[in-house]
Amino acid sequence: MQRTTADNIDEISVDVSAPSGIYRYKSSNGNRVNYTVTIEVQYKLSTSSTWLSFGTFDLTSNSPQALRRTLKKTVTRGKYDVRLSKSSSDYSGKDTVSETVYWTAVRGRRNEPVVSFSKPLTLIAMRIKATGQLNGTVNTLNCIASPKIRSWNGVTWSSGQVTRNPADHFRQVLQGNANARPVDGSSIDIVSLQDWHAYCETNGFTFDLVATDQKSVYERLTEIAAAGRAAVTFRDGRWGVVWDIADSPIVQHFTPRNSANFSSVRAYTDLPHGFRVKFINRDNSYLNDERVVYDDGYDEDNATKFEGIDFSGVTDKDLIWKHGRYHLAQLRLQRETYSLDTDFEHLVCTRGDRVRVNHDVVLWGAGAARVRSVTSSPDGVVIDDLLTMQAGKTYSMRFRGADGSSIIRTITGVDGEFNSFQFSDAGDLPAPGDLAMFGENGFESVVLRVKSITARQDLSARLELVDDAPAIMDADKGDIPEFETGIAPVPDYRASAPSGFSYVETVWTTAPATSAIDMAWQAPDAGAAASYIVQYRANGDTQWITTSSVSAPAIRLVDLATGVYDVRIRAVFANGELSDFLTSSFICAIFANNPADIEDFRVAINGDIAMLQWTLQADQALSHSEIRFSPAVTGVTWQTAAQLRTNVIGSQTQVPAMVGTYLIKAVNYAGLMSLNAAIVVSTVNPLTAFNAAEVLQEDPDFLGNKSGVIAAGGGLMLDTASNVFDLVDWFSVTDYFLSTTGYEADGIYDFADIIDLGEVYTSRLTAAVGASGVVSSLNLFDRPDWFDVPEFFGLASDSLWNVRVEVSLTNDDPTGAPAWSDWAELVTSDVSARAYRFRAKLQSFQFDVTPIVHSLGVTVDMPDRVIAENDLLVPTSGRTINFSPAYYVLSGIAIVAQDMQTGDYYQITSKTAAGFTIIFRNSSGAPVVRTFDYVAKGYGYVQ
């Protein structure tokens, strides 16, 4: 068998194989034994006819395993023929043998480079021993290869180093053998590469790439720079990189005063929940892999929206995660690109530099100006524009100095527009002409980064800027913060409401009793309000009452009845925005509470006058005091005493002196009385005695007419409102005393008789009432002691019942057709009338309470009267003496005669309550002239 090699070879190799192995299987005992096959190899130049010995294959084996052998020989360069022949004889015995051998390959090798390249090139040569699993040609090969290039070691650039730092590969692309036009060192910003090298080393950034695709130098540099979070620059004819450095110096300030044509473009993208990053994983035998980098708040359980992204040259799974977080942060925190035109002031800027910007288009700051003049002691400036401030806020003003530095000063806000400002802190002062940025403290400007600079004519340029967002660099160390606009927080007017509500109640009117409420509150935190809307309503109502708008945080509401009110207040800001409601309530209670009890009630008797004095508690709702009197000196209650004075102003008054009990209560404008009466008892008789001209005593029989009242057990009480005997179902009620509706609310008892004095007399009317209140709904069986109680059914509070005596009077003959006055509560006082009629009114203020009147009477008193005259001349015809006014009852007359002779005497005739006639006679009975004195005593006045 013969084959021919390729031309110009320097080495020949021949491969043979026995796929089924070489062995002899002895039939006598079944054992496999060695067997040998010999193959002879010869070669010659293709141009020669002489065969030369190449060598012999002696294939000996006793196994069915495949057998492979190779012979190789170095030859003179040329083209050769190679032939093989089996030199051992074929087996012809009874045993089974395996001796089939195949010529599998003949190779010719040429000792010269495989690739002809003018530049240094690294090649890989590989020789593999064939096995049962590996034979034929190797189609794929994996290896880990690292170039030896110049690398920065912190001091110098050292050649022949294995490095993964992106900065080293960046320089290699610019100056390495793969670059057809390598640049010299002067065309590279070596310093920026050295700094970037340190930055990548600190952050662990690496670049590992098998560059199998063709790219331009710039594209490859961009690829490398991205692995170290940098960007390629070409400035002043030199290649370099820029990257974001936290807190790098501010190189320029821009405002509308030194820029124009400001614009902004925002990408309203649907942010993914994470990135799917495909990469070659060096920790997994450099196989293709994928890592999912999630945004904050998402994981494999809830993330549904993904985007793909590649990080060329990054083979570390941890770096993949860091770069993914970095780019997620960029999507969230650098969503907008800003552009502006400026003149030569852009010259200090390069891509990646930080600048400060104040602009009204995006509400960065509250205005910009230039300094017109500067003052010191106190520090301040005058600028060339008006700027607005609000009280309660702190502002800052940032100045760009001539050297580009920033001077920041603080200002305390006051309401208004100003061009002159006084600083509230200490610090450096700007100079006239300096650029000024103004705004709320911390929001006078924002920090942006230069994304690109497009040069224009006349040294002008258009700058593209993005948010500085330093948190992007820390996205792989924690949560990504929310995007900050740099705009001074716009108040959430609706969420801000007035606060600190307070009120004071005062008396507005006394008839009727109404209150005034002076309300005050604090302005909302969102800022000063232009006005306030105030609404109120009675608690429980649905309709709000809106008051007049007020500009100050205070208002007075007037003419309010007693009760609980809801109130809500909202601010109206200068821009028309409305705040949330302050909701609260207030109580008009001045007239709702009983006035305090009167203290230190005392009486002083002076003749017929009783001077009553007392101490009042301070109360703006107090109207007057009411005084009552009872002739009893013990057991007197407010309900059983008669009115004496109903509208007493001040803390003292004069009343008739009487023996009995005086009671007093304070009364407010709503008619509420103090809960407890102050009591003072007088046992001093007045100088002028009173006589009971007429007395009506109704108890115990109570024979007068009754309406809503009944007489029972010697007492008078309210009747029930329904009759238990009218019930269809007696078991439908729980209390037979009260039936279904309890006692009547009020009832009237008319005295059985009237009093007719016969003439119109001035009299003093006094009522005497003995009564108590009982509660009929008490469960008697719940009482532990049935006998240790003053009232079997249970005493009721005095506030739950009342008894009052009312009087109606006339000056006419009551037996005719008299004109009676209206019924009025009997007040202990002096009254002029001929006839009187009386009634008692019983009242209940709770359905199960009734007053029980034990005693009920009225006395018509008339005071003693004494009339005296002296030295009255009586002629012989006699003299008539008239009493003016006439007595109601004449008690007697005392005569003292003057100039009487022996035997003289006087005669009194026609003696009545209106007067008498007197005549003097001598001993013979003849009338004589005499003088006399008299004293007449009685009571009552005829009007």
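Which residues does Glu 444 touch, not counting residues up to four places away in sequence?

## Glu 444 and its surroundings

Glu 444 touches Arg 356, Asn 358, Trp 364, Gly 365, Ser 396, Arg 398, Ile 408, Met 437, Phe 438 and Gly 439, leaving aside residues up to four places away in sequence. Contact here means heavy atoms within 4.5 Å. Glu 444 lies in the loop between β27 (435-440) and β28 (446-455). With a relative accessible area of 2%, Glu 444 is buried; buried means under 20% relative accessible area, exposed over 50%, and partly exposed in between (1.4 Å probe, protein chains only).

## About the model

This is a predicted model, in which local features need pLDDT of at least 70 and side-chain atom pairs count only at pLDDT 80 or more, while totals for chains, interfaces and linings use all residues. Residues are numbered from 1 along each chain as its sequence is written, and side-chain values use heavy atoms, with hydrogens and water left out.

Helices and strands carry numbers from the N terminus and are DSSP runs (H or I, at least four residues, for helices; E, at least two, for strands).

## Two helices in contact

Let us turn to helix α1 (residues 166-175) and helix α2 (residues 190-203), whose axes come within 8 Å and cross at roughly 145°. Such axes are lines fitted to C-alpha atoms, for helices over the stretch in contact, and angles run from 0 to 180 degrees between N-to-C directions. On the α1 side, Pro 166, Ala 167, Asp 168, Phe 170 and Arg 171 make the contact, and on the α2 side Ile 190, Leu 193, Trp 196, His 197 and Cys 200 do. By class, this contact has 7 nonpolar, 1 polar and 2 charged residues. In this scheme Ala, Val, Leu, Ile, Met, Phe, Trp, Tyr, Cys and Pro count as nonpolar, Asp, Glu, Lys and Arg as charged, and the others, Gly among them, as polar.

Helix α1 is largely enclosed by the rest of the structure, because 9 of its 10 residues are buried. Those buried residues are Pro 166, Ala 167, Asp 168, His 169, Phe 170, Arg 171, Val 173, Leu 174 and Gln 175. Their cover includes β11 (148-152), β12 (157-162), α2, α3 (217-227), β13 (230-235) and β14 (238-243).

## A sheet of three strands

Strands of a sheet pair through backbone hydrogen bonds, either parallel or antiparallel. Here 3 strands form an open sheet in the order β7-β2-β10, with antiparallel pairing; two strands pair if DSSP finds at least two bridges between them. The edge strands, β7 (67-78) and β10 (102-109), each pair on one side only. Direction ignored, neighbouring strands of this sheet are turned by 15° against each other on average.

Strand β2 (residues 9-18) pairs with β10 over 7 bridges in the antiparallel sense. Val 16 stands opposite Trp 103 in β10.

## Strand β49 and its partners

Strand β49 is mostly covered, with 16 of its 21 residues buried. β49 pairs with strand β52 (residues 829-844) in the antiparallel sense over 7 bridges, and Ser 763 stands opposite Val 831 in β52. Another antiparallel pairing, over 12 bridges, joins β49 and strand β53 (residues 849-874). The bridge partner of Val 775 in β53 is Val 849.

## Cavities inside

The structure holds 3 cavities of 30 Å³ or more. A cavity is a set of points, on a 1 Å grid over the protein atoms alone, where a 1.4 Å probe fits but cannot get out, and lining residues have an atom within 4 Å of a point. Grid points are joined across faces, edges and corners, and a volume is the space filled by probe spheres set on the points. The largest cavity has a volume of about 70 Å³. Elements giving two or more residues to its lining are β40 (642-648), β49 (755-775) and β50 (801-810), and β50 provides the largest share, 3 residues. The lining of the largest cavity has 7 nonpolar, 3 polar and 2 charged residues.

The second largest cavity holds about 40 Å³ of space. Its lining has 6 nonpolar, 2 polar and 2 charged residues, including Pro 595, Asp 597, Thr 615 and Ala 666.

## A look at Ile 309

Ile 309 sits in strand β19 (residues 306-309) and counts as buried at 18% relative accessibility. Leaving aside neighbours within four places in sequence, Ile 309 is in contact with Phe 275, Arg 276, Val 277, Lys 278 and His 327.

Notes. On a 1 Å grid over the protein atoms alone, a cavity is a set of points where a 1.4 Å probe fits but cannot get out, and a pocket is an open set with protein on both sides within 12 Å along at least five of seven lines; lining residues have an atom within 4 Å of a point.
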